[in-house]
Amino acid sequence: DYSGISNTHNSLGVIYSKLYNQKLALKHFLLSYEYANIQQASAEHLVVILLNIGISHQSLKNYTEAERY
C-alpha cells in the first residue's frame with residue numbers, strides 16, 4: 001500500500017541523510033511525501049516528512065526552499 005511505500009522512502013531518506021548524502025535523502029523524502037499525499041496520510045506523518053525535506057534543503061544550502069518546509 002502507499003502508506004508502506006511512503007514509510008519506506010522516508011526511512012531510506014533518513015539512512016542517506018545519516019550517510020551525508022543529502023541529495024539522495026531529499027529524493028527519498030520527496031517520494032515519501034508524494035506517496036503520503038496519495039494515501040491521505042495523517043498530519044503527524046506529513047509533518048515528519050516535511051521537516052525532513054526542510055532539513056535536507058538546509059543541509060544542501062537551499063535556504064529559500066528550506067523555508068518553504
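This is a predicted model: local features need pLDDT of at least 70, side-chain atom pairs count only at pLDDT 80 or more; totals for chains, interfaces and linings use all residues.
Which residues of helix 1 make the contact with helix 2? On the helix 1 side they are Y2, S3, I5, S6, H9, N10, L12, G13, V14, Y16 and S17. Helix 2 answers with Q22, L24, A25, H28, F29, L31, S32, Y35, A36, I38 and Q39. Sorted by class, the residues of this contact are twelve nonpolar and ten polar, with no charged ones.

Two members of that contact deserve a second look. The structure holds one aromatic pair, and its partners are Y2 and Y35. Their rings lie 5.8 Å apart, centre to centre, with 25° between the planes. The pair counts as stacked because planes under 30 degrees apart fall in that class. Y2 belongs to helix 1 and Y35 to helix 2, so the pair links distant parts of the chain, 33 residues apart.

Helix 1 has another partner to explore. Helix 1 and helix 3 pack at an angle of about 30°, and their axes are 11 Å apart. Here too, the crossing is left-handed. From helix 1, the residues S6, N7, N10 and V14 meet H45, V48, I49 and N52 of helix 3. This contact has three nonpolar and five polar residues, and again no charged ones.

| Helices | Axis distance | Axis angle |
|---|---|---|
| Helix 1 and helix 3 | 11 Å | about 30° |

Finally, follow helix 3 (residues 43-59) along to H57. Is H57 buried or exposed? H57 is buried, with a relative accessible area of 8%; the label applies because buried means under 20%. Which residues does H57 touch, leaving aside its neighbours within four places in sequence? With those neighbours left aside, H57 is in contact with L26, N62, E65, A66 and Y69.

Terms used
Residues are numbered from 1 along each chain as its sequence is written. Side-chain values use heavy atoms; hydrogens and water are left out. Contact means heavy atoms within 4.5 Å. Helices (H or I, at least four residues) and strands (E, at least two) are DSSP runs, numbered from the N terminus. Ala, Val, Leu, Ile, Met, Phe, Trp, Tyr, Cys and Pro count as nonpolar, Asp, Glu, Lys and Arg as charged, and the others, Gly among them, as polar. Rings of Phe, Tyr and Trp (its six-membered ring) pair if their centres lie within 6.5 Å; planes under 30 degrees apart count as stacked, over 60 as edge-to-face and the rest as tilted. Buried means under 20% relative accessible area, exposed over 50%, partly exposed in between (1.4 Å probe, protein chains only). Axes are lines fitted to C-alpha atoms, for helices over the stretch in contact, and angles run from 0 to 180 degrees between N-to-C directions. A crossing is left-handed if the near helix is turned anticlockwise from the far one by less than a right angle, and right-handed if clockwise.
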